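Dear colleague,

I am handing over the structure below, and after it you will find notes on what turned up in it. Please read them with the structure open beside you.

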Amino acid sequence: MTIPETTNTTRAANPSAIFAPGLLDGQVVLVSGGGSGLGRAAVLELVALGARVAICGRRADALEDTAASAGAACSTHVCDIRDEDQVDRLVDDVLARHGRIDTLVNNAGGQFLAPAETISPKGFRTVTRLNLDGTWLMTHAVATKAMIPAGPDGRPAGGKVVSVTLSPHHGLPGMVHSSAARAAVENMMRELSIEWARFGIRLNAIAAGQFATDIFMTKYPRPMVDAAAGLVPLGRLGTPEEFAWLVAYLASPAGDFFSGSVLTLDGARDNHTGPWPAAGSADAAGNPLTEARQTRDPSAQAPR
Ligand SMILES: CCCCCCCCCCC/C=C/C(=O)SCCNC(=O)CCNC(=O)[C@H](O)C(C)(C)COP(=O)(O)OP(=O)(O)OC[C@H]1O[C@@H](n2cnc3c(N)ncnc32)[C@H](O)[C@@H]1OP(=O)(O)O
Ligand SMILES: NC(=O)C1=CN([C@@H]2O[C@H](COP(=O)(O)OP(=O)(O)OC[C@H]3O[C@@H](n4cnc5c(N)ncnc54)[C@H](OP(=O)(O)O)[C@@H]3O)[C@@H](O)[C@H]2O)C=CC1
C-alpha cells in the first residue's frame, strides 16, 4: 500500500516570480499534458508554490523530463486521456500516491491545421475525441473519485477544474474541429459549475491565445507562426509562464470565487485582429482617426 504524502518538502529549484512560496502547500494538482509546453510550465510553477503534482501524457520520456526539473513532488503517469480505462486507472493511481486531488488542469489537447473541406470524418473525430471527450473523461473521473466523495469532515471534498480552450473564440480558420471542441469544453465548464456547485467544485476555462511553446513554434507552417504575434493587439505571443501564473492563481484561495468563467488570456486577440490603429484608421502621424465634433447652429434650435 502506498502511504499518501502530505506535504511537498522539496521545493522546486526556481521560486515563483510572482507568488509567495507555500501558497499551494498541501495541495495536490493533476495536470494532463504536463510533459511539455504550457502544461510543463504550470507544473513547475505549482511545485514551486508547494503543491504536489501528478502529470500524465502518452510519452513517458516527456513526463520524466518534466519530473526531473520539478523534483520529488511530481509523479508521472502514462495515460491516453481518450481511453476510459486508462483514465480510471490514472485517477486511482494518483489517489493511491497522493491521497487527494484538489485541482485538475485539463491541459492535454491539440489539433492539426487543415482546410475544413479536407478533414475526414476520422480526422474530425480524432480532434474532438482528444479535446472534448478526453476532457470529459478526466473531469468526470476526478470529480466522482476525488471531489464528490466525502472528505475528512464528511462533506464532499470539492475541488477545482481548469480546462484549456482556445482564443479567438470567433473561429480559427483551419481548425474547425478544435474550434468546435473548445467551445463545447467551455460550455461543459459552465454547465458543471452549476450542477457541481453543491459539491464545492469550481470549474473554469482558460481560453489561451497564441503562446510560444516549442510545439506552437514548430508544428504549424512557418509563415503562420511568423505572422501570429502581429495579429495580437499587444503585439506578441504569450509566454508559458504567463499561462502558469493564471493556473496557480486559480488553484490558490484567490481563485475560490471563480466558477463557470472563461478567462481569456490572449493579449486582446479575441477582440481585434492586429494592432490599433489598423490600416486605414490612422492619420499620417500614426494616430487613430477621430471624427470631427459636430458644431451646433444655435439659430437652428427649436423654440421653447
Ligand atoms: C496568417 C494567419 C496566422 C494565424 C496564426 C495562428 C495559427 C495557429 C493557431 C494555433 C492555436 C493553437 C495552438 C495549439 O494548440 S499548439 C499545441 C498543439 N499540440 C498538439 O496538437 C499536440 C497534440 N496533437 C496531436 O497529438 C495530433 O496533432 C493529433 C491531434 C492529430 C492527434 O494525433 P493522433 O496520433 O491521435 O492522430 P493521428 O496522427 O493518428 O491521426 C488520426 C487522423 O487524424 C487526421 N489527421 C491527422 N493529422 C492530419 C493532418 N495534418 N492533416 C489532415 N488530417 C490529419 C487523419 O484522418 C488521421 O487518420 P489517418 O492517419 O488514418 O489518415
Ligand atoms: N500554444 C498555444 O499557442 C496554444 C495552445 N493551446 C492548447 O494548450 C494546450 C497545451 O498546448 P502546448 O503546450 O502548446 O502544446 P503541447 O503539444 O506541448 O501540449 C499538449 C500536451 O498534451 C499531451 N497530449 C496530447 N494528446 C494526449 C492524449 N491523447 N492523452 C494524454 N495527453 C495527451 C501531450 O503529451 P503526449 O504527446 O506525450 O501525449 C502534450 O504534453 C493544448 O491543449 C493546446 O491545444 C490552446 C491555444 C493556443
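Helix H1 gives the most to the shell around ligand 2, with three residues, where helices and strands are DSSP runs (H or I of at least four residues for helices, E of at least two for strands) numbered from the N terminus. This is a predicted model, in which local features need pLDDT of at least 70 and side-chain atom pairs count only at pLDDT 80 or more, while totals for chains, interfaces and linings use all residues. Residues are numbered from 1 along each chain as its sequence is written, and chains are lettered from A and ligands numbered from 1 in the order in which they are written.

Around ligand 2 there are 30 residues, of which Gly-33, Gly-37, Arg-58, Arg-59 and Gly-109 come nearest, a residue being near if its C-beta atom, placed from the backbone, lies within 6 Å of the molecule. The elements that contribute two or more residues to this shell are H1, strand E2 (52-57), H4, strand E5 (159-166) and H6.

Ligand 1 is surrounded by 20 residues, the closest being Gly-110, Phe-112, Gly-123, Thr-126 and Ala-228. Two or more residues each come from helix H4 (121-147), helix H6 (214-219) and helix H7 (222-228), and the largest share, five residues, is that of H4.

H1 (residues 37-48) also packs against helix H2 (residues 60-70) at an angle of about 25°, with their axes 10 Å apart; axes are lines fitted to C-alpha atoms over the stretch in contact, and angles run from 0 to 180 degrees between N-to-C directions. The two helices are therefore roughly parallel to each other, a term for angles under 35 degrees.

Best regards

Note on methods
Angles under 35 degrees count as roughly parallel, over 145 as roughly antiparallel, 65 to 115 as roughly perpendicular and the rest as oblique.
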